[in-house]
Amino acid sequence: MMDTETAELLGESLERAFRHATVAAVEASLDEVGWREALAEEGNAVIPLLFTRQGNANAASGALDDLVTIALGLAADSDTAFVLPEFGGYGAPGSVQDGALTVRGLGTARMAGAARAVVLAAGQDGALRAFTVETGKLQTRPIGGVDPRLGLVAIEGRGLPASGGTAITAATWEDALASARAAVAYELIGVSRTMLRLAREHAVTRVQFGRPIAAFQAVRHRLADCLVAIEAAEAAATAAVETGDRVSPLLAVMAKAVAGRNARTVARHCQQVLAGVGFTDEHGFHHCFRRVLTLDGLFGDARTLTRELGEDLLRTRRLPDAPLL
């Protein structure tokens with residue numbers, strides 16, 4: 001387990017890395033920090049350190065690519081991207097039929113500069129294999145939408161060679177998916193903390209009726225609700241990553257659902273505190289709100305995951321084997 005001093009030093013280094021303005025500079029700084037090596041040595045303890053700070057800074061990088069690739073047991077580097085499932089889904093983004101690979105998914109900000117991409121694909125028999133494809137053979141389309149600053153791209157490819165590849169068990173993909181969900185949950189927590197900070201700063205400096213609006217009970221209640229929502233999300237994420245050598249798949253689903261739902265709660269309350277200021281282009285809140293809406297849709301959104309958990313509960317008629325949060 002990582003000791004406190006090491007965690008603080010690594011956290012400070014990661015925080016500095018996310019202060020850079022461009023994705024390329026962030027990636028270079030993460031390479032210099034040696035985040036992949038830290039992940040290999042320290043395991044799950046690195047996930048909250050990196051992704052919370054990425055959320056705090058509202059930054060973008062290919063760290064999620066690295067995390068999933070490594071979780072699948074494959075080699076990761078800054079020149080290798082990973083094709084994520086389509087927005088709102090979490091199934092394999094590729095399929096193999098008659099020896100040809102079809103791809104339809106998402107790419108992170110790394111995809112633009114990567115030489116190759118890892119594609120997880122399901123065969124006709126349902127078996128999973130990971131293929132490495134040259135990015136030049138994939139069609140990429142920038143996604144503007146809600147959060148263009150995140151750098152997501154739509155990925156498509158048809159008729160690609162599907163020989164070789166690495167066999168991936170369903171359990172391995174489940175573990176990789178759990179790690180990814182925990183990472184996005186922590187990023188949502190980081191974004192939520194930034195939204196709360198912006199709203200608080202506004203509340204203590206905005207004066208109405210001769211005193212700061214932070215003095216009004218209604219404003220205090222909203223800010224308090226934000227803090228409760230953030231702490232609850234962090235408790236759920238911590239439970240998921242502190243269950244041993246692997247991230248708990250069940251707890252990761254819960255953590256991702258709670259983080260997505262609670263981040264929207266924080267955004268709603270902070271918008272009310274900020275009022276019209278939060279809508280202005282000069283203020284940073286709307287960038288955070290956009291990031292929340294986008295992150296919630298990666299690897300299953302809060303509404304979908306909550307519904308699936310409920311349906312599973314009704315089907316099995318038994319409570320999940322999970323510790324109380």
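**Exercise 1. Determine in which element Thr 52 is found, whether Thr 52 is buried or exposed, and which residues Thr 52 contacts.**

Solution. Step 1: in this predicted model, Thr 52 belongs to helix 4. Step 2: the relative accessible area of Thr 52 is 12%. The cut-off for buried is under 20%, and therefore Thr 52 is classed as buried. Step 3: neighbours within four places in sequence are set aside, and Thr 52 is then in contact with Ile 47, Tyr 186 and Gly 190.

**Exercise 2. Describe how helix 3 and helix 4 meet.**

Solution. Step 1: two packed helices are described by the angle between their axes and the distance between the axes. Step 2: the axes of helix 3 and helix 4 cross at roughly 145° and come within 9 Å. Step 3: helix 3 contributes Trp 35, Ala 38, Leu 39 and Glu 42, which meet Val 46, Leu 50 and Phe 51 of helix 4. Step 4: sorted by type, the residues of this contact comprise six nonpolar, no polar and one charged.

**Exercise 3. State how many aromatic pairs a search of the whole structure finds, and characterise two of them.**

Solution. Step 1: the search finds three aromatic pairs. Step 2: one of them is formed by Trp 35 and Phe 51, with 6.2 Å centre to centre and 85° between the planes. Planes over 60 degrees apart count as edge-to-face, and therefore this is the class of the pair of Trp 35 and Phe 51. Step 3: the pair links distant parts of the chain, since Trp 35 in helix 3 and Phe 51 in helix 4 are 16 residues apart. Step 4: Trp 35 counts as buried at 1% relative accessibility, and Phe 51 also counts as buried at 1%. Step 5: Phe 209 and Phe 216 form another edge-to-face pair, with 6.5 Å centre to centre and 85° between the planes. Step 6: Phe 209 has 79% relative accessibility and so counts as exposed, whereas Phe 216, at 21%, counts as partly exposed.

**Exercise 4. Work out how strand 2, strand 3, strand 6 and strand 7 are paired.**

Solution. Step 1: strand 2 (residues 94-97) pairs with strand 3 in the antiparallel sense over four bridges. Gln 97 stands opposite Ala 100 here. Step 2: strand 2 and strand 3 form a hairpin with two residues between them, and Asp 98 in the turn has a positive phi of about 55°. Step 3: strand 3 (residues 100-107) is joined to strand 7 (residues 153-161) by seven bridges, and the two run antiparallel. In this pairing, Gly 105 is opposite Ile 155 and Leu 106 is opposite Ala 154. Step 4: four bridges join strand 6 (residues 139-142) to strand 7, again in the antiparallel sense. The bridge partner of Gln 139 in strand 7 is Glu 156.

**Exercise 5. Find where Asn 58 and Ala 275 lie, and classify their accessibility.**

Solution. Step 1: Asn 58 lies in the loop between helix 4 and helix 5. Its phi is near 55°, a positive value in a residue other than glycine. Step 2: at 10% relative accessibility, Asn 58 counts as buried. Step 3: Ala 275 lies in the loop between helix 8 and helix 9, and the phi of Ala 275 is likewise near 55°. Step 4: with a relative accessible area of 40%, Ala 275 is partly exposed.

Notes. Residues are numbered from 1 along each chain as its sequence is written. This is a predicted model: local features need pLDDT of at least 70, side-chain atom pairs count only at pLDDT 80 or more; totals for chains, interfaces and linings use all residues. Side-chain values use heavy atoms; hydrogens and water are left out. Axes are lines fitted to C-alpha atoms, for helices over the stretch in contact, and angles run from 0 to 180 degrees between N-to-C directions. Contact means heavy atoms within 4.5 Å. Ala, Val, Leu, Ile, Met, Phe, Trp, Tyr, Cys and Pro count as nonpolar, Asp, Glu, Lys and Arg as charged, and the others, Gly among them, as polar. Two strands pair if DSSP finds at least two bridges between them. Rings of Phe, Tyr and Trp (its six-membered ring) pair if their centres lie within 6.5 Å; planes under 30 degrees apart count as stacked, over 60 as edge-to-face and the rest as tilted. Buried means under 20% relative accessible area, exposed over 50%, partly exposed in between (1.4 Å probe, protein chains only).
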